Amino acid sequence: MDNKKKRSPLKSPLLIFLVISVAATVLLNVIMLSMQTSRGQEISYSNFLKMLNEEKIDEVILSREQLTIYEKFDGEIEFKSNDAAALMSILGIDTDSVLENARKSSRNVYYTGYIADSRLLEMLDEKGVQYSTPIQRNNPILDFFLTWILPLGIIYLLFFLLTRSMSKKMGGGGIMGIGQSSAKMYNVENATGITFADVAGQEEAKESLREIVDYLHNPSKYQAIGAKQPKGALLVGPPGTGKTLLAKAVAGEAKVPFFSLSGSEFVEMFVGVGASRVRDLFKQANAKAPCIIFIDEIDAIGKSRDNQISSNDEREQTLNQLLSEMDGFDSSKGLVILAATNRPEVLDKALLRPGRFDRRIIVEKPDLKGREDILKVHIKNVKTDTDINLHEMALATSGAAGADLANMVNEAALRAVRCNRKTVTQEDLMEAVEIIIAGKEKKDRILSEKEKRIVAFHEVGHAIATAVQKHTQPVHKITIVPRTMGSLGYTMQVPEEEEHYLMTKDEIVDQITVFLAGRATEELVFNVKTTGAANDIEHATELARSMITQYGMSDKFGMAGLESIQNKYLDGRSVSNCSEETKTDIDKEIVGLLKNCYEKATDILKKNRGALDEISEFLINKETITGDQFMEIFSRVKEEKNDD
Ligand code: ADP
Ligand code: MG
Ligand code: ZN
């Protein structure tokens, strides 16, 4: 940013500061002056002369502006009791001087203005009055410094501290920078250096964006027909799926400057700041067109203006400014606005209407192939063994977003370094998957022997319920090494092929049974209930509730939609759409369903008690068991039983 801009807003606060400090200094001096003169009672000079003639005056102190007059004290002063005097003389205090001081401080005090009266000293001598003048110790430079420079300095210091703390709070220019857009507010990258090749998967999103790139390359082709480029596109999807990355890739592909900023940076302490930032951003971008403006997390400013308990003037103004700028600019210049959000449902409708962010590009979590591709992109950055199998890793990471996968590859590389290896192995990769999904392995959290047994049986219980039922995914691995994210043990299920998008009612019921099998084992084998099942219970209840309220899978309510999902791309909390009575019925229904599943789980475990015991002992000894080892023991025990 040029210097001219920076200086101008400085001017007015500096002026205010100067006025305030001068006023304060003058005030301070006036107060100090009035304090100096306020002792005693004012009399006229002629009165003073009258008192002098009547020999009523004991002492006079002459100073530049005034005479301070002490009247003679004509009373008796003595100690109230003789004891006090005696005590003083014992202590070695001169009682006479004490009395003398008391007498002096009891004199009446008057003052009067100083008149250049040449006879004054003579008259005072004649009447035998003591006179003196206070010594002017302070030199004029010190005087000037104390009364003028010091207060100015103090005020300046206060002002400085105040503005600094304020600017910290506002994260930006401070008081000095109100209304000024500071250069740091947004990043300008002339070349992002990222292309579509860096974004794996997301083919549909890329396809939509390619058109924008093409337009930026070759606007005349579109203008010849009379086609107008959409002004803005909204990238919508869960966190970490590569929205920011895609926006950068568009700029990189089109080889145009990339203005990026985050929605939250607009919203400031002072009303009007955000709006002025929007104005400035568009001005700068217009000068550099063709270019791309990217507003990340636009929901911070674009929140719907209605349905708000407390209105936020600042955000509203900023949003209005954004809307009017979007209407105002000429898209034929090649200015394209991209925005990203993971909460499209909260956005103001005005933002989404034609001519603004009319194009919506969905950036979903990657599927199996997408995950494998993303892993391929990120694995290029690390040195690997020759025999790594990314397909296996992709299978194990269902539900992970691009950012998670990038994180896993990095975690695997870190693990390889910890193990003093030069390359990343498949084992590193699979371990990293578990670290990200289930929390880090923690070696120093030691389970007691009894706890270890319970955890082992609990986990094997899950696994047996999985193995016995038809509609479940096979067990990949069981471990009872505690992990930092809270789970004491861990049963990892991995689909044989791509995860499917539809779940049948049978599958859900089986899955609930698997969740409940952990606690069922605890009760069956040890006759205890532990807190270890809390997570299982949560998941099972959630599934059961969704089955009844969202998937229309209960006999009682049929296809009625009793809940709907908010924030689809975030946590996906559900809101209830039904009456209180129905809610009570739903709860009863859930309890009934869970009870049935629990009984089913107990039943399965009783029938497979042999396998449960044997596999649990194996797990207690080895702490980890693979899916293959599990199935081997499981089928062997089953066969032995059938042979009997
Ligand atoms: P979002 O903006 O959607 O929250 P980001 O674009 O910031 O997510 O993605 C974070 C990181 O995740 C990226 O820097 C990149 O390393 C990785 N990533 C996400 N999606 C992909 C993808 N499709 N291909 C390659 N890397 C990806
Ligand atoms: Mg982002
Ligand atoms: Zn469990």
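Before we go on, a word on the model: it is predicted, local features need pLDDT of at least 70, side-chain atom pairs count only at pLDDT 80 or more, and totals for chains, interfaces and linings use all residues. Residues are numbered from 1 along each chain as its sequence is written, chains are lettered from A and ligands numbered from 1 in the order in which they are written, and side-chain values use heavy atoms, leaving out hydrogens and water.

Histidine 458 and histidine 462 are about one helical turn apart, because they lie 4 residues from each other in helix H18 (residues 449-468). Helices (H or I, at least four residues) and strands (E, at least two) are DSSP runs, numbered from the N terminus. Both histidine 458 and histidine 462 are buried, meaning under 20% relative accessible area; exposed means over 50%, with partly exposed in between (1.4 Å probe, protein chains only).

Helix H22 (residues 609-622) contains serine 616. This serine 616 counts as buried because its relative accessibility is 0%. Setting aside neighbours within four places in sequence, serine 616 is in contact with Ala456, Phe457 and Val460, where contact means heavy atoms within 4.5 Å.

## The chain as a whole

Now for the wider view. The protein chain has 23 helices and 16 strands, and 42% of its 644 residues count as buried. Of the contacts between residues at least 6 apart in sequence, 75% join residues at least 24 apart. The chain exposes about 35,900 Å², of which carbon and sulfur atoms supply 54%; these areas come from the Shrake-Rupley method with a 1.4 Å probe, and for residues only the protein chains shown count as cover.

## Strands and their partners

In strand S9 (residues 291-296), 6 of 6 residues are buried. In a regular strand the side chains alternate between the two faces of the sheet. In S9, Cys291, Ile293 and Ile295 are buried on one side, and Ile292, Phe294 and Asp296 are buried on the other. Isoleucine 292 is the bridge partner of phenylalanine 258 and also stands opposite valine 336 in S10.

Strand S12 (residues 475-479) is mostly covered too, with 4 of its 5 residues buried. Threonine 479 of this strand stands opposite tyrosine 490 in S13, while lysine 477 faces threonine 626 in S16. Two strands pair if DSSP finds at least two bridges between them, and the table lists several such pairs.

| Strand pair | Sense | Bridges |
|---|---|---|
| S8 (residues 258-262) and S9 | parallel | 5 bridges |
| S9 and S10 (residues 335-341) | parallel | 5 bridges |
| S12 and S13 (residues 490-493) | antiparallel | 4 bridges |
| S12 and S16 (residues 624-626) | antiparallel | 3 bridges |
| S2 and S5 | parallel | 3 bridges |

An open sheet of 5 strands runs in the order S1-S4-S3-S2-S5, with mixed pairing. Strand S1 (41-42) and S5 stand at the edges with a single partner strand each, so one side of each has no neighbour in the sheet.

Which residues of helix H5 (residues 120-127) are buried? They are Leu120, Met123 and Leu124. Seen down the axis of H5, these residues fall within an arc of 100°, so they line one face of the helix; the arc is that of the directions from the helix axis to the C-beta atoms. Glu122, Asp125 and Glu126, on the other side of H5, are exposed. Cover for the buried residues of H5 includes helix H2 (45-53), strand S2 (57-62), strand S3 (66-71) and strand S5 (130-132). After H5 comes glycine 128, with a positive phi near 70°.
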